[in-house]
Amino acid sequence: MLFVLGIQAQNVAREAFEEDIHRSANNYYAYPDKNLPALTPAPEGYEPFFINHYGRHGSRWLIAPTDYTYPVEQLTKGERNGKLTKRGKEVLDVCLMMLDASDGRLGELSDIGAEQHQGIAKRMYENFPQVWVGDAKVDAKSTVVIRCILSMLNEVETLKSMNPSLRFTTDASEHDMYYMNYRDTVAIAAQKAARPATDELKAKIFTPKKLEKMTSRLFNDKQFVRDSIDSFKFEYILFDLVSNMQSHHAFDGIDLYTGVFTVDDATDFWTYNNARWYIYSGNTSLNSHTGARAHRHLLRNFVEEADKAILSGTNSATLRFGHESVVLPLVCLMGLNGMDYDTSDLTTLADHWRSYEVFPMAANLQMIFYRKPGSDDILVKILLNEHEATLPIATDCAPYYHWLDVRQHFLTRAVEN
């Protein structure tokens, strides 16, 4: 009974999905760049001079070949045996179209993904024009993955078009992967050890009765499904496929949620995925508190780059482009917006920790540094997806923080074991 209450209590997430079911796509959610909030003016006399940034690549094609082939194979099996409903046949037609369109493009940046980064760069320039004056230096780095490199280039080219005098350096090298996309073997082992917790959650959510109800919308023979279809695997992969349609203009106007997945279904898939990402990224005893700390090298790099920018006395920006698997644990390590929440109860996790709020496609973290003539007190404001974020430290000028306080907080959290 406690489990049922926990799942039903996820009102914030479910209401968000009722408003826009695309949010349930979680890390496939297209960057929400409409109706962004106005930013709080800086304290009197302070002007921005440095931006410290990490951004996820934009919307992309799915990565594994089976993400496209598996739904087609299962639906085709049903079609050959006369076991598809009318809606099942419609879904098969769309899945075939998506499979054909994905040929040779697995994991690549999509058209919408490029547009997302162009928009983010334009707004970053317009929100903080003082950073980009004259021949300010912009150091841009990407992981070695092509979708991240292209995301970087879309932002760099946009900034360059707005001020051709900017001095850019761009790079994508294994040399920097120890902080840009670090693979912590201790964290990986702890995450694997925690998988039984998410397996237990999956079994509680996706009961045979619930899966049968979902598959009956596409297949007209329950016994055929029992004998021939792995219901959870099919529905799970299909949900990802449907979720990622929002990454492409080519699929605008095609609705595969209606008659396939209800808001309750979407909430269930998201709840399970949210827990899996918590095991991977969160500050929890389930992963021995290793998920967030795996990216301590990146947090220290943020501090090092800030120190250099402050000492230089000139305006500049450090831009980094990578993955959601870095953005989310980094946010947890920083403690932004309470994302360092610690629990071992996955049934109530969504009441307190919601990953879709952190890492949509093109998710980005912007730390804006401010200075005032005649003062050594550097202020910093953090934007998460262009929304002002909070840190678990005291400040007398929220949403701005004193850099020395933030610096100490970051170094404490980034310390080696």
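Predicted model: local features only at pLDDT ≥ 70, side-chain atom pairs only at ≥ 80, totals over all residues.
Residues are numbered from 1 along each chain as its sequence is written, and side-chain values use heavy atoms, without hydrogens and water.

The chain contains 16 helices and eight strands (DSSP runs numbered from the N terminus, with H or I over at least four residues for helices and E over at least two for strands). Along the principal axes, the C-alpha atoms fill a box of roughly 75 × 45 × 40 Å. Contacts (heavy atoms within 4.5 Å) between residues at least 6 apart in sequence join residues at least 24 apart in 81% of cases.

The accessible surface comes to about 17600 Å², and carbon and sulfur atoms account for 52% of this area (Shrake-Rupley method, 1.4 Å probe; for residues, only the protein chains shown count as cover). There are 43 positive and 55 negative side chains, and the centres of the two sets are 4 Å apart. Lys and Arg are counted as positive and Asp and Glu as negative, without His and the chain ends; charges are placed at NZ of Lys, CZ of Arg, CG of Asp or CD of Glu.

Helix α8 spans residues 185-193, and A187, A190 and Q191 are buried in this helix. These three residues cover an arc of only 100° around the axis and therefore lie on the same side of α8 (arc of the directions from the helix axis to the C-beta atoms). On the other side of α8, T185, K192 and A193 are exposed. The buried residues of α8 pack against α9 (195-205) and α13 (263-281). Q191 has a relative accessible area of 11% and is thus buried. Apart from neighbours within four places in sequence, Q191 contacts I279, Y280 and G291.

P129 lies in the loop between α5 (111-127) and β2 (137-142). With 37% relative accessibility, P129 counts as partly exposed. The C-alpha atoms of P129 and L218 are 53 Å apart in space, at a sequence separation of 89 residues.

Methods:
Buried < 20%, exposed > 50% of the residue type's maximum accessible area, 1.4 Å probe, protein only.
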